Amino acid sequence: MAEKKLTLQKGIRYTEDPVRRLRNGRPDRYYFLRYSMDGKQHEEGVGWASNEVTVDELERILAILHKSARTGEGPRSVAEIRAANLQRRAAAGSAADDLTVA
């Protein structure tokens with residue numbers, strides 16, 4: 001992979017893959033979030049632009065992490081946000097399975 005580059009937004013970084021391409025021919029980007037939690041710097045990978053990861057979504061996730069760092073409540077990492085989303089989707093899916101067509 002290529003070296004990390006900064007985007008215009010603070011805390012959002014990406015690398016451009018030399019092989020993977022988007023439909024428009026540009027190199028695919030893998031996004032990372034940088035944030036501090038409990039006085040330590042963290043950097044976590046979020047996903048590829050080709051998998052519909054957008055800068056707006058990254059800003060939203062970063063805002064959630066900053067809020068949880070300030071308040072001490074809520075998810076403390078990208079992995080915790082993913083786990084909460086999976087649980088929420090599983091609960092919504094099981095509720096839909098209980099519906100009948102009668």
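In which helix does L65 lie? L65 lies in helix α1, where helices (H or I, at least four residues) and strands (E, at least two) are DSSP runs numbered from the N terminus.

This is a predicted model, in which local features need pLDDT of at least 70 and side-chain atom pairs count only at pLDDT 80 or more, while totals for chains, interfaces and linings use all residues. Residues are numbered from 1 along each chain as its sequence is written, and side-chain values use heavy atoms, with hydrogens and water left out.

## Overall layout

The protein chain has 2 helices and 4 strands, and from the N terminus on these elements run β-β-β-β-α-α. Of the 102 residues in the protein chain, 26% are buried; buried means under 20% relative accessible area, exposed over 50%, and partly exposed in between (1.4 Å probe, protein chains only). The protein chain exposes about 7400 Å², and carbon and sulfur atoms supply 51% of that area. Accessible areas come from the Shrake-Rupley method with a 1.4 Å probe, and for residues only the protein chains shown count as cover. Among contacts (heavy atoms within 4.5 Å) with a separation of 6 or more, 33% are between residues 24 or more positions apart.

## Strands and turns

Two strands pair if DSSP finds at least two bridges between them. Strand β2 (residues 12–21) and strand β3 (residues 27–37) run antiparallel and are joined by 6 bridges. In this pairing I12 stands opposite L33 in β3, and Y14 stands opposite Y31 in β3. The hairpin of β2 and β3 has 5 residues between the strands, and G25 there takes a positive phi near 95°.

On to the next pair: β3 and β4 also run antiparallel, with 8 bridges joining them. The hairpin of β3 and β4 has 2 residues between the strands, and D38 in the turn has a positive phi of about 55°.

Most residues other than glycine have a negative phi. D38 is found in the loop between β3 and β4 (40–48), while E52 lies in the loop between β4 and α1. D38 is exposed, with a relative accessible area of 64%; E52 is exposed as well, at 67%.

## Helix α1

Helix α1 (residues 55–71) has 17 residues and reaches 24 Å from its first C-alpha to its last, close to the 24 Å expected at 1.5 Å a residue. The expected span is 1.5 Å times one less than the number of residues in the helix. The buried residues of α1 are L58, I61, L62, L65 and S68. They cover an arc of only 125° around the axis, which puts them on the same side of α1; the arc is that of the directions from the helix axis to the C-beta atoms. The face turned away from this buried side carries the exposed residues D56, K67 and R70. Just after α1, G72 takes a positive phi of about 85°.

L65 is buried, with a relative accessible area of 1%. Leaving aside residues up to four places away in sequence, L65 touches L33, Y35, M37, P75, R76, S77, V78 and I81. L65 and L33 are 32 residues apart along the chain, and their C-alpha atoms are separated by 10.0 Å.

## Salt bridges

Side chains of opposite charge can pair when their charged atoms come close. The structure holds 4 salt bridges, a salt bridge being a side-chain nitrogen of Lys or Arg within 4 Å of a carboxyl oxygen of Asp or Glu. The table includes three of them.

| Pair | N to O distance |
|---|---|
| R20 and D28 | 3.1 Å |
| R34 and E43 | 3.2 Å |
| R76 and D38 | 2.4 Å |

In the pair of R20 and D28, R20 is partly exposed, with a relative accessible area of 32%, whereas D28 counts as buried at 1% relative accessibility. In the pair of E43 and R34, E43 is partly exposed, with a relative accessible area of 30%, and R34 is partly exposed at 31%.

The side chains of R76 and D38 also meet in a salt bridge. R76 lies in the loop between α1 and α2 (78–97) and D38 in the loop between β3 and β4, so the pair ties together parts that are 38 residues apart in sequence. R76 is partly exposed, with a relative accessible area of 28%, and R76 is also one of the residues that L65 touches.
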